[in-house]
Amino acid sequence: MSYNIAKRTLLSSIIAASSLSTLALAQQQEGFTITPSIGYYNMDSDRDIKDDKAYSLGLGYQFNNPWAVEFVYLNADSKQAGNNVDVDQYRLDGLYHLPTLNSVDLTPYLAAGVGTTDFSNDTGHDNIQVNAGGGLKYAVNDTVSLRADFRLVNDVEDHHLDNVTSLGVQMTFGGPSKQSSSSNDSYTPVEQTYTQVEPEPVQQAEPIEAEPMTEEISEQPEEMIQEESMTEAPMMEEPAQQTVVETLPPEKINIQFGLNKTTVEQKFYPDIEKIAVFLQENPGSTVVIEGHTDDTGAANYNQTVSEKRAQSVADVLINTFQVDESRVDAIGYGEERPFVENDTEEHREANRRIVAIISTSEA
């Protein structure tokens, strides 16, 4: 069985996707997906069916985590001994997305599924098939991605091994609105009232007329006067005033995120507003928002989630409560800095936290 054509097609697909690396990368949105694709179906040599191009349409759902599910219909019109062979394939697949390769802006994924293929020449009619493979995705924007895919398709009854290579466009729609936590205009911050105390006027002292002083001519010799002036104590230079930076104790923000979600819900805005009020009342203060997770799942994924959650809280401070961006920083530590051991569910919940580190500077 030959895989040369499939390999060349897969390589061409990867190159085509990589050539678009100059476009802006955007995180894919949760929701329903539709993926039309064109590719090449490489038949097992034992089938004696000619390899040919294939068209497919995938309908699925992209979760707000690495997982997605997809139902795929594929059609290929081939020939066998001069006769037309119509190939109809139906399969249900699961996809797991790996961390994005930032250097080339590509997201690899693994895929596997089960299905059946109907050959019009009654060869392997409706046999059960399993498939496995993977591919690459390039997110052009929130709803459109380019996708290169390669699958091995095994007929578990007749023991044929086919492979399919395709290049398609995935479109996402109908999911929860990917509303930025920083652009929620419907939240009205609690109006803060401040009482400014007017300083009492300081009464200036009336100038006192000094009595004229009569200068007495010293009878000391000129040499003694010069010696006394040379022995006067030198003026001490006032030391430069230093800026003292005080870091307040870390404050845990009571913000809960849904499973694998990174968007801040409005009900937690009052907790963030308290930090914003403190920053507004103390113009010399800054804040670092830290994101932490427990050790459930892959470390790389936990790191990404912690960074996005910390940035979401920082965005609320900057865009909703109008804190200057230069005074807010966000960092994610993933599972690196647990508050307690991850040995119970309660401890893991305690480790999934957002912490605000506020620093104040005094001149």
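**Close-up views of a predicted model**

View 1. Ala 81 is exposed, with a relative accessible area of 74%. The structure shown is a predicted model. Ala 81 sits in the loop between β3 (67-80) and β4 (83-97). Its phi is near 55°. That is a positive value in a residue other than glycine.

**View 2. Gln 322, a loop residue with positive phi.** Gln 322 lies between α4 (299-320) and β12 (328-334), in the loop that links them. Its phi is about 60°, positive although Gln 322 is not a glycine. Is Gln 322 buried or exposed? Gln 322 counts as exposed, at 61% relative accessibility.

**View 3. Helix α4, end to end.** How many residues does α4 have? The helix has 22 residues. At 1.5 Å a residue, α4 should span 32 Å. After α4 comes Gln 322, with its positive phi near 60°.

**View 4. Strands β5 and β6, an antiparallel pair.** Strand β5 covers residues 107-119, and strand β6 covers residues 127-139. The two are joined by 11 bridges. Which residue of β6 stands opposite Pro 108? Leu 136 does.

**View 5. Strands β6 and β7, also antiparallel.** Strand β7 spans residues 144-155. It is joined to β6 by 11 bridges. Gly 134 has a bridge partner in β7, and that partner is Phe 150.

Technical notes
Residues numbered from 1 in each chain as written. Predicted model: local features only at pLDDT ≥ 70, side-chain atom pairs only at ≥ 80, totals over all residues. Heavy atoms only, no water. Helix = DSSP H or I, 4+ residues; strand = E, 2+ residues; numbered from the N terminus. Buried < 20%, exposed > 50% of the residue type's maximum accessible area, 1.4 Å probe, protein only. Expected span 1.5 Å × (residues − 1). Pairing = 2+ DSSP bridges.
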